[in-house]
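Dear colleague,

I am handing over the structure below, and my notes on what was found in it follow directly after. Please read them with the coordinates open beside you.

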Amino acid sequence: MALSMAQKIDFHFNVPENRIQYACRVVRKARGLGMKIALWSNDAHRLDYFARQLCAFDATGFYPIVKANDPLADQTSTVYDTDADRLPSRDLLILLDDEVPMNYQTLFARFARVIDIVPNQENERQAARKRFVIYRQSVTIYIGRNVCFG
């Protein structure tokens, strides 16, 4: 796994379903590729809801997930937290928030890839545009756009 600054942020935009359901699909695909994943949001309820949805997402799949400060976090493929500093280095970081993470450059440096999910609701697209402007101003991050993850 690369531990240098993520070279690209993939904006998955115009997602026809809600952000949580799409994030479950991304996790399923990433786990199928053997990736370890972290998820971040300022909203603890959103992350807890995501964890419940992931557990119920696929009747034939098993996607273990724990909070980043859980004793089993090192052994679990998918972790989440509202405190970005607690997130361990992983292959993939999924952003589930309308805001830019504090110290995002430092945070992104711990991940090989970063995905920002943007549903097709106008209020969420507006928030994503603001994040895009902030990320674009960073000379060390290249912003890539990807309509669909597979």
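The buried residues of helix α1 (residues 19-32) are Arg-19, Ile-20, Tyr-22, Ala-23, Cys-24, Val-26, Val-27 and Ala-30, where buried means under 20% relative accessible area, exposed over 50% and partly exposed in between, with a 1.4 Å probe and protein chains only. Please bear in mind that this is a predicted model, in which local features need pLDDT of at least 70 and side-chain atom pairs count only at pLDDT 80 or more, while totals for chains, interfaces and linings use all residues. Residues are numbered from 1 along each chain as its sequence is written, and side-chain values use heavy atoms, with hydrogens and water left out.

Helices (H or I, at least four residues) and strands (E, at least two) are DSSP runs, numbered from the N terminus. Helix α1 has 14 residues and reaches 20 Å from its first C-alpha to its last, close to the 20 Å expected at 1.5 Å a residue, the expected span being 1.5 Å times one less than the number of residues. At the start of α1, a side-chain oxygen of Asn-18 comes to within 2.9 Å of the backbone nitrogen of Ile-20, and just after the helix Gly-34 adopts a positive phi of about 80°.

Strand β5 (residues 90-95) is mostly covered, with 6 of its 6 residues buried. Strand β2 (residues 37-40) runs parallel to β5 and is joined to it by 4 bridges, with Ala-38 opposite Leu-93; strand β6 (residues 111-119) is also parallel to β5, through 5 bridges, and there Leu-92 stands opposite Arg-113. Two strands are taken to pair if DSSP finds at least two bridges between them.

The search of the whole structure gave 10 salt bridges, each defined as a side-chain nitrogen of Lys or Arg within 4 Å of a carboxyl oxygen of Asp or Glu. In one of them, Asp-58 pairs with Arg-28, the closest N and O atoms being 3.8 Å apart. This pair links distant parts of the chain, 30 residues apart, since Asp-58 lies in the loop between α2 (44-57) and β3 (65-67) and Arg-28 in helix α1. Asp-58 is buried, at a relative accessible area of 16%, whereas Arg-28 is partly exposed, at 35%. Another salt bridge joins Arg-86 and Asp-81 (2.8 Å, N to O); here Arg-86 is partly exposed, at 40% relative accessible area, and Asp-81 counts as buried, at 5%.

With best regards

Definitions and conventions
Polar contact = N/O pair within 3.5 Å; in protein donor to acceptor, adjacent residues only side chain to side chain.
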